[in-house]
Every structure is written in C-alpha cells, then in structure tokens.
Amino acid sequence: MSDRRLTEHVHIIGAGLLGTSIGLALAEKGAEATLADVSPTAVRLAVDYGAGRPLKPGDEPGLIVVAVPPDVTAESVVRALGEHPDALVTDVASVKGSVLAELHELGADVSRYLGTHPMAGRERGGPISARADLFVGRPWVLAGHDAINYRRAGAIEDLILDVGGVPIEMTVDEHDRSVALISHVPQLVASAMAARLTDGSNKAIGLAGQGVRDLTRIASSDPGLWVQILSANAAPVASILSAMRDDLDAMLAALADPEALGARRAIADLIGAGNAGVARIPGKHGDDRRFAQLVVMIDDAPGQLARLLTEIGELGVNMEDLRLEHSPGAPIGFAEVSVVPEAEASLIEALQSRGWRIAGAS
C-alpha cells in the first residue's frame with residue numbers, strides 16, 4: 001500500500017532546481033507530475049531525469065506548483081488560475097508579500113491560491129542540479145492570507161509531506177521578515193565578505209581555512225536571481241542591515257582606539273551576542289540544544305572518512321552534524337563531529353582505542 005497522501009494530479013510550471021526536485025520527489029512516491037517551462041530544453045532535461053512528463057491536452061491538474069523566478073511568479077500564477085479554473089495553485093518563490101500584492105492588483109482569484117516557500121536549495125540551479133531528497137526534513141512555509149483557509153489548501157500540505165518537507169504556517173508578513181533575517185541578509189553578508197577577497201594577495205587567500213569557507217559558501221549564488229529577491233523584500237532586509245550597520249559602527253569606534261574606556265567591552269559584547277545568537281539555530285531535529293564537538297584527524301587517503309563514519313555508526317552514536325577542513329596539499333584533514341554531550345566522552349575513548357587521533361573536543 002502506498003504511503004502517498006496526495007491524490008491530485010500535480011502540474012509543475014518551471015523545470016528548474018525546485019520544480020524538477022519536486023517532480024523527482026513525487027516520482028519516488030509513485031506519482032507522475034506534468035511539467036511546463038518557457039524553455040523546452042529544461043522540460044526535456046527534467047523529463048530525462050525522471051521528474052515527470054510534459055502537460056498534454058486534456059490533462060486536468062488538481063494542484064499547480066509555480067516554480068519560476070520571483071519577477072514572473074505572479075503573472076504565472078494568474079495564468080495558471082485562468083487556464084485551470086478548478087485547480088488549487090501555489091508557488092515556491094522566496095518572497096510572498098510582493099507576489100500576493102501583485103495578484104490583488106491583477107484581480108486574481110486568490111481564494112484558490114496559497115503561497116509557499118521551501119527552505120531548501122543549492123548554490124547551483126537548473127534541472128541538472130535537482131535532487132529527490134532536496135526537501136527532506138526542511139521547513140516549508142505555508143504563507144496564509146484571509147481569502148483562503150487551510151482546509152481548502154490541504155492538498156498543498158499533502159504535497160509538502162509527500163516530498164519530505166515540514167509544513168510551517170506563517171502569515172505573509174511573518175514569512176518575509178523571517179527570511180530577511182535567516183536567508184536574505186546572510187546572502188548579502190557572505191557576498192560582501194567574499195568581495196573583499198578580491199583585494200587579497202595570493203598568499204593571503206592561500207591561508208583560507210574553514211571559517212572563511214563557511215562564511216562565503218553562498219556567495220557564489222546567481223546575482224540576477226538575488227536582485228529579484230532583494231528588490232521584492234527590500235524593507236525587511238534594509239531594517240536588519242541598518243541594525244548591523246550600528247554594530248559595525250560601534251566596532252569601528254572600538255577598534256579606532258582599543259585602549260579607550262569601554263572599547264574592549266564593546267568588542268566582547270558583540271562576540272558574546274553572536275554566541276547567544278548561534279546557540280538559537282536549530283539542530284537537525286529542530287531543537288536548539290547545544291552539541292559537543294570533537295575534532296578527529298584524518299589521513300589524506302582514500303576511504304578514511306568513510307571508515308570514520310562507519311565506525312561511529314558501529315559504536316551506536318548518532319552524529320548530529322559533520323564539518324570537514326582540509327588545506328590543499330596537506331597530508332591530513334580534520335573532521336569536526338557533533339554529538340549529544342552525553343556521548344562525547346565514550347566516543348572519544350572508543351575512537352582512540354581504534355587508532356583515531358583526537359585533535360580537540362568541546
């Protein structure tokens with residue numbers, strides 16, 4: 001018996017990363033989605049990867065997912081509502097307020113529309129980057145509005161659950177303020193830091209470790225897409241940036257005269273506030289408990305990381321997170337393994353008994 005919740009025929013408009021990933025995830029559940037895109041090549045690629053089939057005359061989708069760039073999302077939603085008068089329509093754009101406002105301006109029937117946003121993605125886009133497990137365990141926001149109730153939108157929640165996402169209900173405004181804080185501003189911070197690297201010498205860049213790699217990982221994102229996102233969510237982003245500017249101004253003042261009264265405290269207070277903030281980031285199970293970290297030295301040889309992960313599993317320890325650091329040409333690398341605090345001591349002892357070298361623990 002299938003464990004699939006969704007019974008409606010799903011039609012996906014936009015065969016990029018998100019649209020193709022939704023199709024792949026549905027295919028794993030035994031459901032065949034239909035696909036459309038302004039690019040015939042994108043549709044053919046998505047079909048070749050197994051994400052569904054092209055829409056044919058006579059197809060009557062019950063649920064339409066619009067997965068196109070933010071600046072054409074509202075237009076695509078309006079067209080879908082008109083072409084399929086019995087279908088429920090959703091979109092997966094990363095900003096919700098501007099889309100809903102444009103739909104109202106265009107006179108759309110928003111009683112059949114509910115915007116959503118899966119908090120999942122990759123630095124690279126397109127159907128070739130799609131993955132069936134992209135949404136597994138990831139929050140997926142349903143951005144409610146007054147013209148639709150969640151009972152009518154139940155098919156959208158079924159879709160989210162079927163592809164492995166975790167439905168989160170928010171208002172449109174709550175969503176946009178939230179993603180400004182946890183997604184849009186971090187993108188700008190990463191890009192601003194990465195931009196400074198263009199002025200660094202080759203020797204300086206050669207010293208780069210995991211810290212700068214972590215901070216700038218998302219800086220390779222598509223500029224054109226982010227112009228659309230940031231323009232559509234400008235006010236919440238600007239508000240957070242203004243507060244950050246105040247923090248930076250305080251740091252500039254402190255660093256201009258580190259011996260001045262209160263300068264060192266100002267620096268410590270900001271670092272301390274950062275400690276408090278990072279402690280609130282949920283772990284993989286959605287809670288904010290802190291984990292213990294141990295750093296294991298790994299020889300730069302094939303199979304060593306796989307051996308470490310296998311042995312941690314054999315010891316019955318659930319690994320909460322894993323971070324790797326390896327400088328090019330170095331004979332060893334470091335694996336920072338996060339576990340629940342009560343498992344730390346026994347894991348260190350067991351790994352050492354198996355010949356692993358522990359470089360640090362906390």
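Of the 362 residues of the chain, 37% count as buried. This is a predicted model, in which local features need pLDDT of at least 70, side-chain atom pairs count only at pLDDT 80 or more, and totals for chains, interfaces and linings use all residues. Residues are numbered from 1 along each chain as its sequence is written, and side-chain values use heavy atoms, with hydrogens and water left out.

User: What makes a residue of helix 12 count as buried, and which residues are they?

Analyst: Buried means under 20% relative accessible area, exposed over 50% and partly exposed in between, with a 1.4 Å probe and protein chains only. In helix 12 (residues 304–314), Gln304, Leu308, Glu311 and Ile312 are buried, so each of these has a relative accessible area under 20%.

User: Why are these residues placed on the same side of helix 12?

Analyst: They cover an arc of only 105° around the axis, so they lie on the same side of helix 12. The arc is that of the directions from the helix axis to the C-beta atoms. An α-helix has 3.6 residues a turn, so residues three or four places apart point the same way.

User: What covers the buried residues of helix 12?

Analyst: The cover includes strand 9 (292–299), strand 11 (332–339) and helix 13 (341–353). Helices (H or I, at least four residues) and strands (E, at least two) are DSSP runs, numbered from the N terminus. The chain holds 13 helices and 12 strands.

User: Which residue just after helix 12 takes a positive phi?

Analyst: Gly316 does, with a phi of about 75°.

Methods:
Contact = heavy atoms within 4.5 Å.
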